[in-house]
Amino acid sequence: PAPAKRTGRKKARLSSPEPSSERVPFEPLLKGQESPETTQDRYDDYIKAIQCLEKKIENFLLSVNESTISDLCDFVKNAYSKGEYSKLFAIITGIDKEENTMFFKSVSQELQQNNQNHIVFLNSIDCTNLKRTEKQVVRQFFGREIIEEENDNDDRQEDSQEDYEASDYSIDLIENIVDMNTLAQWYEYNYQVEDGITTCIRGIDPLHENYSYSVVRLLKPKAFYLQTQKVRCDYLVSQCLIENTQCIKVGEKAYEFLLDMFIGRKFSLSLFVSSFKYALMHYFYTNPLSILATIEPGAIYSRIDLLSESHIEMIRMQISFREYVESKLHKPAEARQLLCDDYYVKSLLPTFSQNIATYHRRFAIALEFIIFLQNFLYDVKKLKSKYELYSIALKKPGLGEDEYIQILLEDLLKINPKKIEEILQNFVSLLETVLDHVETIKQDYEDFYEFLARSKEIETNLTRPSASTRSAATKMKNKESIILQKIDDDYKQLVMDVVNYLAIFFEENLRHYSTNTLFEIFYYQEDISILKCAFIPKPRSAIHAALGLSTEYINCNCCILSTHNDTSILYKLHLQCGKLINVRDWLDSFESVISKENLENRKLNEKEVVARFIKGFEELKLIGIIGSTNRKIDHFKRLSWGRL
């Protein structure tokens, strides 16, 4: 629709209550010409994107731990029902604090449903030694239960230490928890250590290596296994990037950086989330077109009304839009409109937004097809994880034209033709689940359903003997052979047709994201050096810069060498030396420099000079710029080379 037809909507927006006078954290872009309303919308979209990401992470943690949480809670409930005692129950977990917090939250909610369980969390920061740990346990367990005893003498206790591996005294802690039986009797309670649980393998080993049989017998350790890290990474990528069609996507380099934050940093979920949040913040803070990125295609008209001439010019500057204009050169009138008519460009934005939303939905479906096919054809060793396939998809020319897909389709041709029905049934079932959400998938659903009907018809012919075969018993063998051959040919032809259809289906739906017009609005493709500076700091480089370029580092042009920090002076003097540095010569040079400009107009004391030299010298040694040498006692060797 032309912008003129939306005049009423625009007036209604202008007549709405004025926005809050509070200052928006985002600065106006477009050289300060961005309207306050647009700046506010950018900030609001950023907040919604962060909240959406946090919700996805919460769903991820619940989904990957769902079966373990259920098994763990069932185990606890069964342990309570075995005897007449209330149980002191210890749950000890690993070092990923953020993920374990959600894990414990879910366990706590499940265990506290009957209002008889009380959960106590112990953090290593609050338990710096064993004595403090025992005090925390006593205070939270028995201190609270003394008050509640009058109402309920059958309350149950769980002791949960979230970051077990961060505690150096964790082995002693378990042995002391065993002695809580005696401690509980001091308070006239019938508590008994019944079970111990750990979610890290390192928590199981000490039970067998360091504990006596009596301790292990009391603890009765039981192992609960979470999903493998490969599965967890697949869940994470699916929740945050693939299935979430209205979220900001990331380009190839940014995606590899996020993966490195999770996989390369010992599967640190907190680093992955922090990096993704930082990328979102940077995107919305610096990109004026971000107001079009996360809004639903049907609601985009209100945002289009806010676009100024500067916004439209920025759209025209995008590479994908220029390629779109070039594709219209055979229609000069339309190409001229794209370059000169702002209203015409605005009228196309809903179509571009809808196209890329459809692309994301169909991409997710096609990727599920790939996952099923490789699970059907290959053993576990040959399978590619979803995050690996998505990584290939972000690289040109895309997953649809990748060699892996070609090999997959070639192997599909080699299967037993009679198994094609199972594959088709899964495809049809998958498409049925998304028919209500993806209208453009309807034609594909009908095509695959037709393939499935052909397969069932061939199977029916296989099980039903012909009339001629029944009436001519002497020719039965020959006719059956002819019928079976025809059925086999029909199956092979069906497989061939399905493979050819899938080849086109994958090429179209798994194409590279850059084939979409204005994909730049929906993908974060900034130089990842911005993320690296924030999450992979290089303190050594910063130290060298501060010591070697002190004037530029503090942005002061009046400073001279003699007024710099002593360590900085020594650093610059050491750059003039070779591999070995004579300490006496270094000291003399240092004294010469600092004596050139004595601001206090007093004679420098020799002991003061030596003290300042030793202080700066030790700092350089601590940083790792110089080191000791066994060759000469009065010499030190340089450990860093090159100039800034």
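**View 1. Antiparallel pairing of strands E8 and E10 in the predicted model.** In this predicted model, strand E8 (residues 580-582) and strand E10 (residues 635-638) run antiparallel and are joined by 3 bridges. Within this pairing, the residue that stands opposite Leu580 is Lys637 in E10.

**View 2. The hairpin between strands E9 and E10.** Strand E9 (residues 626-628) pairs with E10 over 3 bridges, again in the antiparallel sense, and the two strands are connected by a hairpin that passes through 6 residues. Here Gly627 is the residue that stands opposite Lys637 in E10; Lys637 also stands opposite Leu580, and E10 itself is joined by bridges to E8 as well as being paired with E9.

View 3. Arg584 and Asp588 form a salt bridge in which the closest N and O atoms are 3.1 Å apart. Both residues belong to helix H28 (residues 583-594), where a spacing of 4 residues places them about one turn of the helix apart. Asp588 has a relative accessibility of 33% and therefore counts as partly exposed.

View 4. The side chains of Lys615 and Glu619 meet in a salt bridge with an N to O distance of 3.1 Å, and both residues lie in helix H29 (residues 606-623), 4 residues apart, or about one turn of the helix. Lys615 is exposed, with a relative accessible area of 52%, whereas Glu619, with a relative accessible area of 30%, is partly exposed.

View 5. The structure holds 15 salt bridges, and the view shows one formed by the side chains of Glu54 and Lys277, with an N to O distance of 2.9 Å. Because Glu54 lies in helix H2 (residues 36-64) and Lys277 in helix H12 (residues 269-286), the pair ties together parts that are 223 residues apart in sequence. Glu54 is partly exposed, with a relative accessible area of 38%, and Lys277 is likewise partly exposed, with a relative accessible area of 25%.

Key: Residues numbered from 1 in each chain as written. Predicted model: local features only at pLDDT ≥ 70, side-chain atom pairs only at ≥ 80, totals over all residues. Heavy atoms only, no water. Salt bridge = Lys/Arg side-chain N within 4 Å of Asp/Glu carboxyl O. Buried < 20%, exposed > 50% of the residue type's maximum accessible area, 1.4 Å probe, protein only. Pairing = 2+ DSSP bridges.
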